Amino acid sequence: MTTPRVFIIRHGETEWSLNGRHTGSTELPLTANGEKRIRATGQALVGDDRLIVPSQLAHIYVSPRKRAQRTLELLNLGCRDRMPWQEQQQIEPSDVRTEAKVQIDEDIREWEYGDYEGLTSATIREQRNKNGEGPWDIWRDGCPGGESPADVTKRLDTLIDNIRARFHEESIGKPKAGGAPSDVLLVAHGHILRAFAMRWIKRELTEGVNLLLEGKGSSDMW
């Protein structure tokens with residue numbers, strides 16, 4: 001029987017992620033090591049006998065940030081259609097492995113860090129201590145000048161409802177043989193993907209999140 005899944009993959013390493021700086025809307029390229037590790041992730045996880053089977057993908061959501069889009073390219077999924085940000089298709093017809101469409105979606109962009117954009121957690125703690133503020137927990141407090149947990153919950157719930165209605169509801173429990181692809185892939189960022197995992201199982205972000213995703217980290221849910 002079919003059990004549709006959602007795969008989540010965090011973008012590869014950037015200079016800021018390497019240094020622990022919060023990176024929301026700032027555009028940064030992957031490091032050379034980041035690109036190398038994403039290619040290795042694709043080789044390990046993508047294939048007919050691997051965790052992510054391209055022919056079983058129904059849809060791919062990717063963040064508007066270029067680091068996430070480059071990560072998707074490097075996974076080598078073999079999409080028939082060109083990526084929305086590419087001027088032309090960059091693979092040969094013989095290398096096509098999936099009919100899944102790629103959608104750039106604002107709902108899967110990284111948490112908006114506001115005043116904390118570009119700062120490390122240590123710097124944030126130092127600033128808050130100087131200002132007489134208490135300890136900071138993004139899952140409880142959100143970010144001044146950025147998004148609150150309620151803001152993030154609202155947009156992720158919209159995305160989750162969309163995934164379930166468009167790709168999962170019609171497939172659950174049906175025979176696998178001859179069925180339409182129903183797996184979904186998200187390529188995005190650390191905080192937003194951990195928040196997505198929480199909302200997928202209907203837990204409140206304010207409960208705290210224990211899932212850790214390294215650069216090129218991946219997970220699957222169903």
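Aspartate 81 sits in the loop between H3 and E3, while lysine 101 belongs to strand E3, so the bridge ties together parts that are 20 residues apart in sequence. Keep in mind that this is a predicted model.

How accessible are the two partners? Aspartate 81 has 34% relative accessibility, so it counts as partly exposed. Lysine 101, at 45%, is also partly exposed.

Arginine 80 and glutamate 99 meet through their side chains, with 2.8 Å from N to O. Both residues lie in the loop between H3 and E3, 19 residues apart, and the pair links distant parts of the chain. Arginine 80 is partly exposed, its relative accessible area being 43%.

Next, a pair of sequence neighbours. Arginine 140 and aspartate 141 form a salt bridge in which the closest N and O atoms are 2.7 Å apart. Aspartate 141 is partly exposed at 32% relative accessibility, and arginine 140 is partly exposed at 46%.

Which residues are linked in a network of salt bridges? They are Glu106, Arg109, Glu112, Glu147 and Arg155. The count of salt bridges comes to 16. As background, side chains of opposite charge can pair when their charged atoms come close.

Helix H3 covers residues 66–74, and its buried residues are Arg67, Ala68, Gln69, Thr71, Leu72 and Leu74. What do those buried residues pack against? The list has strand E1 (6–10), helix H2 (32–45), strand E2 (57–62), strand E3 (101–104) and strand E4 (183–188). Just after H3 comes asparagine 76, which takes a positive phi of about 60°.

Of those partners, I will go into H2. Two packed helices are described by the angle between their axes and the distance between the axes. For H2 and H3 the angle is about 45° and the axes are 8 Å apart. The crossing of H2 past H3 is right-handed.

Which residues meet there? From H2 they are Glu35, Ile38 and Arg39, and from H3 they are Arg70, Thr71 and Leu74. By class, that contact has 2 nonpolar, 1 polar and 3 charged residues. Thr71 and Leu74 are also among the buried residues of H3.

Key: Residues are numbered from 1 along each chain as its sequence is written. This is a predicted model: local features need pLDDT of at least 70, side-chain atom pairs count only at pLDDT 80 or more; totals for chains, interfaces and linings use all residues. Side-chain values use heavy atoms; hydrogens and water are left out. Buried means under 20% relative accessible area, exposed over 50%, partly exposed in between (1.4 Å probe, protein chains only). Helices (H or I, at least four residues) and strands (E, at least two) are DSSP runs, numbered from the N terminus. Contact means heavy atoms within 4.5 Å. Axes are lines fitted to C-alpha atoms, for helices over the stretch in contact, and angles run from 0 to 180 degrees between N-to-C directions. A crossing is left-handed if the near helix is turned anticlockwise from the far one by less than a right angle, and right-handed if clockwise. Ala, Val, Leu, Ile, Met, Phe, Trp, Tyr, Cys and Pro count as nonpolar, Asp, Glu, Lys and Arg as charged, and the others, Gly among them, as polar. A salt bridge is a side-chain nitrogen of Lys or Arg within 4 Å of a carboxyl oxygen of Asp or Glu.
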